[in-house]
Structures are given as structure tokens and as C-alpha cells.
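Trainee: Please take me through this model one feature at a time, with the criterion behind each term.

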Amino acid sequence: MDALSCDALSVREVNHRLRRMPAGTSCSVAAPQGLHNLGVGLTEKIDVCIQGNAGYFLGGLGGRTDGSGPDITVEGFVGWSVAENLMGGTVWVKGSASQSAASSARGGTVVVEGDASLRAGISLKGATLAVAGNVGAMAGFMAQSGTILVGGDAGHGLGDSLYEAVIYVAGTISSLGADATVEELVDDDVLAIKRLVELTGFDHIDPGRVTKVVSARTLYHFSADHHGVY
Amino acid sequence: MCGVIGLLIRDPALEPELGRMLVPMVEALAERGPDSSGIALYSRPAADPDGEPVIRVSLGTDGTVSWSEFAGWVSSRFPPAEVRVSLSGARVDVPETTVDELVESLSQRWPSVHVFGTGRMLTVVKDTGRPEDTCRRYGVESWSGHLAVAHTRMATESAVTARHAHPFVPGPDLCVVHNGSFSNHASVRRRLEADGVRFDSDNDSEVAARLLAQRLDGGDDLDEATRWVMKEMDGFFTLVVGTATGMSVVRDAFACKPAAIAVTDAYVAVASEYRALAGLPGVDQAEIFEPQPEVVYTWTL
């Protein structure tokens, strides 16, 4: 296993070395010191372990369109927009994530063992985001496709202006956002949650006892009833 | 952008380390605000001679001032005054009863000298240019004290001058730094001006500072006053407020601007980004969290 350190290398140098690693190899990155942009744009299936707390955009833009990509683990917390626009692979955060976790992620899986703050899964476009703890306000804002699983509670405005992404919440929901609605769980939902619980080890989540939030689709089309409003 | 910093020392043994702890924090946030910066330092005053409180008057300029000539003028006009000259500013320590007279005669005789702040504990430096350079030029690393509030500025709403830099000091020993922008600052300013409040600049953040001071003068405690500002000011903000007794932090309802807080028995540190906290002593053992939107956090000494 290769070992890099942010004490000795700049973020650009670390990322350059990670990008040159062939598939099947692994590498650790020590002393991340909250630095931004670590491990962005990696496409090969490699294992990367970030040994501490990272800053913004950790692991963003990673993976390929077929859903393959690096497996990145962070042994700490991360700043804003972890795994932003992820295409494939896994970003696994042992601590908590700040705002906009997995924003615009198209593929791959983002796992947060702690909490995720505001706007988790904003504009999600097909990836899976699993958070063991709570998510802050406006989670899933305008999420278009993909799955968000919350093991704890969700803050205000959950799923505001949601498109076709699905949100599962094991705990309480402070309030739903505009056009978000609660729907009955069906067998396929329970199976999907079961598989996610198995993958993440979040066994405090009972797959049959979560709240499913989807779009009510009332904002999809112009309504003549609203004519006078515009 | 902009970077905000607050560092409250709880363990007196760490007070001599304040500057050495602060400078790496400012450096870490320099790229959030490379055009200008400012630091408010709070340190305990020496025992007052003759029982009369001594007030520190922090001065700076956006023009050219012969500070040695200035020091001579102060010494002859205000004999008990003590003058410390730094690179492009000065601090004059005068008895409390002399402050108004000093400030008044400054505006007559030294119109290009600006008062950046007054207080029994407060010293303020503000300057344009890279924040790292400002730290170096003013010797911030050697500073000792129990609270520092700092700002790195990327100007969006008003000019890049020392006078427009943060912190704003709207009252004795009271300072405010702001990351964000206010959309209703002009209307709040008009109302405050109608109430007789005077401004030093056309900066939007100064409006929040003056509003806070007005609330405190009206009898609000720091928590209430900060909450009032949060509700009345429309826009994006992380605000850090420093006072003679402590520090407050508040973020807007949408938490549009970042902040991270580290709490230990020895200090409380707030910064726009965690990387500014990452080098603090004992940060591995600190309780680290993000301030929630619309919650006022206050720590007192």
C-alpha cells in the first residue's frame, strides 16, 4: 500500500499521485488537515484511505459512467459537498459530513456514519446517499433521481421540489418541503432498504419501519388554476 | 467569500500564545479574503493610574500620515497620553474623560486619520493587502490577550480600503465581523441614521454592527441583540461578535455561509472553515461542530 501525507505534499501533488495509481492498488493519505479537493476526479478502482478530517469536495467528480470507480474512506469528518457529482465508486465517511453531501451525484454510493448537515443530497441525479444519523434542513432539495436513506431524523423542508428521487427516513421529519409527500412503503422499497442496511451496516434501521418521501408531482406542469398568480 | 475568525482563550496560561494561535488561522483563510483584513484584540488593561479608566483608541489611515509627527502632536496636546505607532496606524491610550476631545480634534487636525475602535481592552488593526502580510507587518504573532476576532475580506458591497475592512467597532469594546452580504442594508441604515446613528463607511456589514450596538445600548444583552440583528438583517451571514466579556456567533436561516467551531477547556475557536482550526493545540480532543442556522451561540469569560 502506498502512503502519502499532506504534510509533505500539496493537494495537487497528492491527487496527481492518486490519479496515476493502477486499478486494484491502495493508498493512504495522512494529515489531511481539513484541506479541500482531496481525491477528486479519480476514475480507477483503487482503495484510498484518508486518515483524518478532510475539507470541501472530498472525492468529487470520481468514477465512471458505468458506476465503477474508487473506494474512498475518510477516517474523520468532511466539509461541504463531499462526493459532489460522483459518477461511480464509493465514498465512505466515518464521521459526519457538512453541507450538500453527495450534491448532484449521478452514480456510486456515499455513506456517512455520522450526521449530514443542510442540503444533503441536493440535486441528486442517480447516486445513493446513506446517512446513519440525522440530516439538516432542505435535504434532497430538487433531487432528480437516486435514493437517500436517513437513519436518524430529517430537518425542515425535506424533499422540497423533489423530482423522481426517493427519500427514506427512519426517524422523525421536522417538515416536508413544497411538493414533497409521504407514500406507503411497498415490498420493493423494503427490499431496497434491506440491501442498503446490509451494505452500510446501519442495522439500527428497520427496513419495514421507515417513512418514504417522494414528489407529489404538483409542480411538474403549469396549472391553469394558478394563472392569476403569475 | 470572506473569512471570519473568533478565538476566545479560557485558560489564562494560553493568553501569551494568542497571537501564535491566531496567525495560522488567518493564513488558512487568506484565500477567502485576500484584499484586506483586520484583527480585534482584547487584552486586560493594566491597573488604572489615579483610578481613572484608560481607553485605547486604535487609529489607521487610507492615506499617508506621518505617524511620528502625529505621535509628537498627541504627546504635546494630550500630555498623559501614551502613543504606540505601528506601520500604518497607531494606538493612543488616554484617560476616559479625554477620549471625546481627542477624537474631535483628530477630525479637525488629522482628517485622514480614522478611528478604527475604542475600548478598555480593545486594539484594532485594519489594512489592505494580503492578510498574511498584515499579520507580519503588525507583529500579530507576538500579541497576548484573551480574545481575538479577525476577518479576511473579499469585497463585494463596497470599496477596498482599510476603513471598509472588518472588524467594525460600533461601540467601546464591541466588534463585529461578517462573511456574507445583506440585501436590506440601505433601508436599515436610513432608519439608524434617522435615530442619530453615525457611520464610518458605506459598508453593508457596518449596518449590522451599528444595529447591534443600538440594541445593546437599549438594554438588550448580547444574546438578545445578536438575535435581533439576525432577524432584522436580510441576507447571508455568518457573524462573529466580540465584547469585553465574550463572543457570539450566528448564521442566517439558510446557513449560506460556512462556520466551524472547536470547543476545549482551554479555548473556543470559530472559523469559516475547519482547516483554520486544524492546527490549534489539542484540537484532536476538541468538541467540533457546525453552528446551526438561526441559533445564537455565546461564550462568556
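Mentor: Two residues are in contact if their C-beta atoms, placed from the backbone, lie within 7 Å. The model is predicted, so local features need pLDDT of at least 70 and side-chain atom pairs count only at pLDDT 80 or more, while totals for chains, interfaces and linings use all residues. Residues are numbered from 1 along each chain as its sequence is written, and chains are lettered from A and ligands numbered from 1 in the order in which they are written.

Trainee: Is Ala127(A) buried or exposed?

Mentor: Ala127(A) lies in strand S7 (residues 125-131) of chain A; strands (E, at least two residues) and helices (H or I, at least four) are DSSP runs numbered from the N terminus. A residue is buried with 20 or more other C-beta atoms within 10 Å of its own, exposed with 12 or fewer, and partly exposed in between, C-beta atoms being placed from the backbone. Ala127(A) touches Leu86(A), Ala102(A) and Gly146(A), among others, residues up to four places away in sequence not being counted. With 29 other C-beta atoms within 10 Å, Ala127(A) is therefore buried.

Trainee: Which value does phi of Ala102(A) take?

Mentor: Ala102(A) sits in the loop between strand S5 (90-93) and strand S6 (109-112) of chain A. Because 35 other C-beta atoms lie within 10 Å, Ala102(A) is buried. Ala102(A) is not a glycine, yet its phi is positive, at about 60 degrees.

Trainee: Where is Phe57(A) found?

Mentor: Phe57(A) is a residue other than glycine with a positive phi, near 65 degrees. It has 22 other C-beta atoms within 10 Å, so Phe57(A) is buried. Its place is the loop of chain A between strand S3 (47-51) and strand S4 (71-74).

Trainee: Which strands stand at the edges of the five-stranded open sheet of chain B?

Mentor: Two strands pair if DSSP finds at least two bridges between them. The sheet has the order S9-S10-S11-S12-S16 (chain B), with antiparallel pairing. Each edge strand has a single partner, so one side of each is without a neighbour in the sheet; these strands are S9 (168-171) and S16 (297-300) of chain B.

Trainee: How many bridges join S11 and S12 of chain B?

Mentor: Leu239(B) stands opposite Val250(B) in S12(B). Strand S11 (residues 235-242) and strand S12 (residues 246-251) of chain B pair in the antiparallel sense, and the number of bridges is five.

Trainee: How are H5(B) and H6(B) set to each other?

Mentor: The axes of helix H5 (residues 185-194) of chain B and H6(B) come within 9 Å and cross at roughly 40 degrees; axes are lines fitted to C-alpha atoms, for helices over the stretch in contact, and angles run from 0 to 180 degrees between N-to-C directions. Angles under 35 degrees count as roughly parallel, over 145 as roughly antiparallel, 65 to 115 as roughly perpendicular and the rest as oblique. H5(B) and H6(B) are therefore oblique.

Trainee: How do the residues of that contact of H5(B) with H6(B) divide?

Mentor: His185(B), Val188(B), Arg189(B) and Leu192(B) of H5(B) take part, as do residues of H6(B), including Asp204(B) and Leu211(B). Ala, Val, Leu, Ile, Met, Phe, Trp, Tyr, Cys and Pro count as nonpolar, Asp, Glu, Lys and Arg as charged, and the others, Gly among them, as polar. The contact divides into four nonpolar, two polar and three charged.

Trainee: Which residue does a cis peptide bond join to His166(B)?

Mentor: Omega of this bond is about 0 degrees.
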